Amino acid sequence: MARKLSEKERSDGQLNLIKEQTKKISLQGQDLLTLKNLSKEEIMYILDLAIDLKEKYKQKIETPYLKGKILAMIFEKPSTRTRVSFEAGMLQLGGSALFLTSNDLQLGRGETIGDTANTLSQYVDAIMIRTFEHEKVVELANHASIPVINGLTKDFHPCQALADLLTIYEEKGTFEGSKLVYIGDGNNVAHSLLIGAAKVGLNCTIACPPNFEPMPEIISYAQEIAEQTHAKIEICHDPIHAVKDADFIYTDVWASMGQEQEKQIRTESFSSYQVNTDLVKNAKGDYQFMHCLPAKRGEEVTSEIIDGPNSIVFQQAGNRLHVQKALLKTILE
């Protein structure tokens, strides 16, 4: 197991690394629709920058890198972490953010996505959108002349996955040799974890009930990338087998927003996939528990696990702020 670096070692080391890589890596003006848009080197650059910004935040060092920049935030699905982390992040970087729902825009009255994209491009510097259909984000990006960030769609959650990778990176100091196990629905979070893990060389196992697997094309893409990074990508239906030798155990709600009508069938299908004390006995003794939140205690995870000593869910949630600040700085500065 790699030695966990001290905060000072990581802060000093990452500052030097960032300076060395700055001239090589530039994401200025680019969209982030899925983690397919980022190379391994670009992901690592964002994570290293996030660590630097997090250290500055702790030391109360001002970071007005985006002074005068404006982020438009479109929410067709509500959120706690996405809204607050993006809005607070822009403010801490010296910029500002506009919170917009469908009712605040002409989108809610039938204006085309293209017209909305072209109009917002005249007013703000970037758009973050949290919506249902992934195709809507793609269309917005195709028409906008400014960067578009996917805050969540039914197929992908790239910003969450970046925060997850940051959390694992903080804990281990490396991705090599670590095993992440995701238990539950093969949803947008699972898709982005598969892609992100494959890109950085993190072993990733998805354990889900039959008929709830991630999309086949995402699995194939992740396995293809994993061949280059030497990561192991596995999809299985046995959670006990999955968590064997797990360093990190991750789960999500069984029914996401928009799936409320499926709650009963999902509860029945996922009943044996709960993360509880019996299941985690099969993992490493020092495993760490992760959840993208919000959590439903007593369903996908028991209280003794999510509130227990192995849980790092609030470190993970807090990292949404720092990784999104790094992303915004990289795209907009």
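This is a guided tour of one predicted protein model, stop by stop.

**Before you start**

Residue numbers run from 1 along each chain as its sequence is written. Because the model is predicted, local features need pLDDT of at least 70 and side-chain atom pairs count only at pLDDT 80 or more, while totals for chains, interfaces and linings use all residues; side-chain values use heavy atoms, without hydrogens and water.

**Stop 1: the whole chain**

Show everything as a cartoon. The protein has 13 helices and nine strands. Both are DSSP runs, numbered from the N terminus: helices are H or I with at least four residues, strands are E with at least two. The radius of gyration is 19 Å, close to the 20 Å of the globule rule for 333 residues, so the protein is as compact as a globular protein of that length. That radius is taken over C-alpha atoms, and the rule is 2.2 Å times the number of residues to the power 0.38.

Turn the model along its principal axes. The C-alpha trace spans about 55 × 50 × 35 Å.

Buried residues make up 57% of the 333 residues. Buried means under 20% relative accessible area, exposed means over 50%, and partly exposed lies in between (1.4 Å probe, protein chains only).

Colour by charge next. The mean positions of the 36 positive and 45 negative charges are 6 Å apart. Lys and Arg count as positive, Asp and Glu as negative; His and the chain ends are not counted. Each charge is placed at NZ of Lys, CZ of Arg, CG of Asp or CD of Glu.

How do the contacts run along the sequence? Among contacts between residues at least 6 apart in sequence, 76% join residues at least 24 apart. Contact means heavy atoms within 4.5 Å.

**Stop 2: helix H4**

Select residues 113–120, which form helix H4. Which of its residues are buried? They are Ile 113, Gly 114, Thr 116, Ala 117 and Leu 120. An α-helix has 3.6 residues a turn, so residues three or four places apart point the same way.

Show what covers that face. The cover includes strand S1 (70–75), strand S3 (126–130) and helix H5 (134–143).

Stay in H4 and pick Asn 118. Asn 118 is partly exposed, at 37% relative accessible area. Draw a line to Ala 141, 23 residues apart along the chain: the C-alpha atoms are separated by 9.9 Å.

**Stop 3**

Select Ala 163 in helix H6 (residues 158–172). Ala 163 is buried, at 0% relative accessibility. Leave out residues up to four places away in sequence, and Ala 163 touches Gln 316, Asn 319, Arg 320 and Val 323. Glu 133 is 30 residues from Ala 163 in sequence and 22 Å away, C-alpha to C-alpha.

Go on to Ala 242, in helix H9. Ala 242 is buried too, with a relative accessible area of 0%. What does Ala 242 contact, leaving aside neighbours within four places in sequence? The list is Lys 179, Val 181, Thr 205, Ala 207 and Cys 236. Cys 204 is 38 residues away from Ala 242 in sequence and 9.6 Å away in space, C-alpha to C-alpha.

**Stop 3: backbone details in the loops**

Select Lys 60, in the loop between helix H2 (40–58) and S1. Lys 60 has a positive phi of about 60°, although it is not a glycine. At 73% relative accessibility, Lys 60 is exposed.

Next, find Asp 245 in the loop between H9 (239–242) and strand S8 (248–251). Asp 245 also has a positive phi, about 65°, and is not a glycine. Its relative accessibility is 44%, partly exposed.

Then select Pro 294, in the loop between strand S9 (288–291) and H12. The peptide bond from Leu 293 to Pro 294 is cis, with omega near 5°.

**Last stop: Glu 304**

Glu 304 sits in helix H12 (residues 303–306). Glu 304 is partly exposed, with a relative accessible area of 48%. Finish with a line to Pro 158, 146 residues apart along the chain: the two C-alpha atoms are separated by 29 Å.
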